[in-house]
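Reader: I would like a close look at one part of this model. Please take me along it slowly, and tell me what surrounds it.

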Number of protein chains: 2
Amino acid sequence: MLPGEKDCSKAMLSIKDALEALEGRWKLLILYALCSGPMRFSEIARAVPGITDKTLTKELKALQAGKLIRRTVYDTSPPAVEYTITAHGKSLRNLLHELWRWGLAHRKEVIGK
Amino acid sequence: MLPGEKDCSKAMLSIKDALEALEGRWKLLILYALCSGPMRFSEIARAVPGITDKTLTKELKALQAGKLIRRTVYDTSPPAVEYTITAHGKSLRNLLHELWRWGLAHRKEVIGK
DNA sequence: ATGGTTACTTTCCAAAAGGGAAGTGCTATC
DNA sequence: GATAGCACTTCCCTTTTGGAAAGTAACCAT
């Protein structure tokens, strides 16, 4: 920590916090899927291309811990479990939108014509 | 791939592209540091808290491959190497800003008051 | 001669990510 | 009676990530 870094590293630390909460290639995709409404486990698994059951379970737990989604169990049989995005999770919509636009541009710029 | 998923999964794939290009906890922090102007290797190492030389080297290579930064070598001794953010990299500024704001809110919401 | 700076690379190693496949307990359906 | 769906969990195994520390070649300051 050198002098003169204070303001810069404050923003740096906030960004670091955000990246820690959203780390990995799955969390934002899951949140994006949940933007269109509550979903059950198997629905999310189908909506997020390539994710395995095991990974989905883990990511859902992490998202709950970060208060980005809520888990509701309905006492039916077989039990139904619904995942809903929280207000805090919804506040990522702008970011998701930016990511979507940037991903499009990036594909044009780098991946191919 | 089920019917009815087309539009949704298109956005999903764009977001996936973006996440792939920006994966890991370091790339966005490095880009944030470079937003304030070109920097040399050791300057970036100092600006990004916690990163090691090895990791920095690797991430810089990935960022170059993704056309997000440019590497310029000055033939002095000892050699000076400068990293500059490209226009494509600069197009992430909104995203970085969103991340910064969201990180602040997240800390208040989850990590503690 | 010694030590420092620059921009890395290399080696070793531990931890985490994550895929595949199978299992679980219950129920609804054919 | 067999199969399928639900929401997971468990096991096994490979790959990836990434830290710590040392090395390197060239040069400069003391």
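What span should the 13 residues of H4(B) have at 1.5 Å a residue, and how far apart are its end C-alpha atoms?

Author: Happy to. This is a predicted model, in which local features need pLDDT of at least 70 and side-chain atom pairs pLDDT 80 or more, while totals for chains, interfaces and linings use all residues. Residues are numbered from 1 along each chain as its sequence is written, chains are lettered from A and ligands numbered from 1 in the order written, and side-chain values use heavy atoms, without hydrogens or water.

Now to your helix. The 13 residues of H4(B) should span 18 Å, and the end C-alpha atoms lie 18 Å apart, so the two agree. The expected span is 1.5 Å times one less than the number of residues; helices (H or I, at least four residues) and strands (E, at least two) are DSSP runs numbered from the N terminus.

Look next at which side chains face inward. B:Leu56, B:Glu59, B:Leu60 and B:Leu63 are the buried residues of H4(B), where buried means under 20% relative accessible area, exposed over 50% and partly exposed in between (1.4 Å probe, protein chains only). Viewed down the helix axis, these buried residues fall within an arc of 105 degrees, so they line one face of H4(B); the arc is taken from the directions from the axis to the C-beta atoms. B:Lys54, B:Lys58, B:Lys61 and B:Ala65 are exposed on the other side of H4(B).

What does the buried face meet? In chain B, the buried residues of H4(B) pack against helix H2 (27-34), helix H3 (41-47), strand S2 (69-74) and strand S3 (80-85).

B:Glu59 sits in helix H4 (residues 53-65) of chain B, and its relative accessible area of 6% is why it counts as buried. Beyond its neighbours within four places in sequence, B:Glu59 is in contact (heavy atoms within 4.5 Å) with B:Glu23, B:Trp26, B:Lys27 and B:Ile30.

A:Lys27 belongs to helix H2 of chain A and is counted as buried because its relative accessibility is 5%. Apart from neighbours within four places, A:Lys27 touches A:Ala21, A:Leu22, A:Glu59, A:Ala62 and A:Leu63. A:Ile30, with neighbours within four places again left out, is in contact with A:Ile44, A:Val48, A:Ile51, A:Leu56, A:Glu59, A:Leu60 and A:Leu63. Seven of the eight residues of H2 (residues 27-34) of chain A are buried, so this helix is largely enclosed by the rest of the structure. Among these buried residues of H2(A) are A:Leu28, A:Leu29 and A:Leu31.

Back in chain B, follow the chain past your helix. H4(B) is followed by B:Lys67, which lies in the loop between H4 and S2. B:Lys67 is partly exposed because its relative accessible area is 42%. In chain A, A:Lys67 is placed in the loop between helix H4 (53-65) and strand S2 (69-74); phi of A:Lys67 is positive and near 60 degrees, and its relative accessible area of 41% makes A:Lys67 partly exposed.

Finally, the two chains meet through 45 residues from chain A and 45 residues from chain B.
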